[in-house]
Amino acid sequence: MAGSSSGFVTGLMAAALATVGVLTFQASASVPPDLGRRSGDSPGVSTSKAPRDREDPRALPAGSGSGERVVYSVDDDRVWLVEAGGKVRRTFRVAPGSVDPVPGPYVVGSRSSSVTGSDGLPVEHVVRFAEVEGVTVGFSAKVPGATPQPDPTARTGGIRESREDGEAMWEFATIGRSVVVIR
């Protein structure tokens with residue numbers, strides 16, 4: 001009797017391991033191969049500190065690229081959603097994670113309507129565009145009522161925005177949209 005139950009348990013373990021292997025493969029296959037890769041040279045994108053309008057700090061900085069794009073300043077913790085022709089649709093402040101992407105051009109590689117962020121908080125309207133040393137970087141909004149306290153020592157790439165700004169980002173920054181990171 002003992003021989004048949006151990007064979008049964010061994011069979012269950014083998015099936016479980018095979019299932020985990022298949023799920024792991026499927027998860028890795030669904031990650032865009034270009035997530036975190038810079039989109040190459042983009043005319044007019046400066047990797048040094050972009051000049052600012054001293055009269056209006058919300059004005060789109062020069063040297064932030066051209067065309068429809070998201071511009072993110074790691075120095076000013078500000079985002080601009082830029083339409084064709086350079087018209088700013090919306091600008092807003094953000095709260096960055098502990099990991100910043102290198103200045104330069106990127107593209108939106110993946111999106112999720114709601115997930116648990118790298119800081120353990122439930123977030124929505126997640127727009128990912130970079131990976132830095134294994135940490136995924138993207139924009140997201142904290143779900144109202146989320147109370148867990150994030151670990152202050154954790155390496156996080158979540159760039160938090162208000163719920164309203166997160167919704168505007170979600171509508172604007174679809175897969176393939178340019179994201180320009182500036183100083």
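1. A charge is said to sit over a ring if NZ of Lys or CZ of Arg is within 6 Å of the ring centre and within 35 degrees of the ring normal. In this predicted model, Arg 177 meets that description: its charged end sits over the ring of Phe 172, 4.4 Å from the centre. Arg 111 provides another case, with its charged end placed over the ring of Trp 170 at 3.6 Å from the ring centre.

2. Aromatic pairs come next. A pair of aromatic rings is described by the distance of the centres and the angle of the planes. The structure holds 3 aromatic pairs. One of them joins Tyr 72 and Phe 139: the ring centres are 5.7 Å apart and the planes stand at 85°, so this pair is edge-to-face. The two residues come from distant parts of the chain, Tyr 72 from strand S1 (residues 69-73) and Phe 139 from strand S7 (residues 135-142), 67 residues apart.

3. Are these two residues buried or exposed? Tyr 72 has a relative accessibility of 0% and therefore counts as buried. Phe 139 is also buried, because its relative accessible area is 0%.

4. Phe 139 has a further ring partner, Phe 129; here the centres are 5.2 Å apart and the planes at 25°, so the pair is stacked. This pair, too, links distant parts of the chain, with Phe 129 in strand S6 and Phe 139 in strand S7, 10 residues apart. Both Phe 129 and Phe 139 are buried. Ring pairs link Phe 129, Phe 139, Tyr 72 and Tyr 106 into a cluster.

5. Strand S6 (residues 122-132) also contains Arg 128. Arg 128 is buried but has no salt bridge. Which side chain of opposite charge is nearest to Arg 128, and how far away is it? The nearest is Glu 131, at 9.2 Å. Arg 128 does have a polar contact with Ser 112, formed between the two side chains at 2.7 Å.

6. Arg 155 lies in the loop between S7 and strand S8 (158-161). Its relative accessibility is 45%, so Arg 155 counts as partly exposed. Setting aside neighbours within four places in sequence, Arg 155 is in contact with Ser 98, Val 99, Val 132, Glu 133 and Val 135. With Glu 133, the side chain of Arg 155 makes a polar contact of 3.4 Å. Arg 155 and Ser 118 are 37 residues apart along the chain, and their C-alpha atoms are separated by 7.9 Å.

Notes
Residues numbered from 1 in each chain as written. Predicted model: local features only at pLDDT ≥ 70, side-chain atom pairs only at ≥ 80, totals over all residues. Heavy atoms only, no water. Helix = DSSP H or I, 4+ residues; strand = E, 2+ residues; numbered from the N terminus. Buried < 20%, exposed > 50% of the residue type's maximum accessible area, 1.4 Å probe, protein only. Lys, Arg positive; Asp, Glu negative; His and termini not counted. Salt bridge = Lys/Arg side-chain N within 4 Å of Asp/Glu carboxyl O. Polar contact = N/O pair within 3.5 Å; in protein donor to acceptor, adjacent residues only side chain to side chain. Phe/Tyr/Trp six-rings, centres within 6.5 Å; stacked < 30°, edge-to-face > 60°. Contact = heavy atoms within 4.5 Å.
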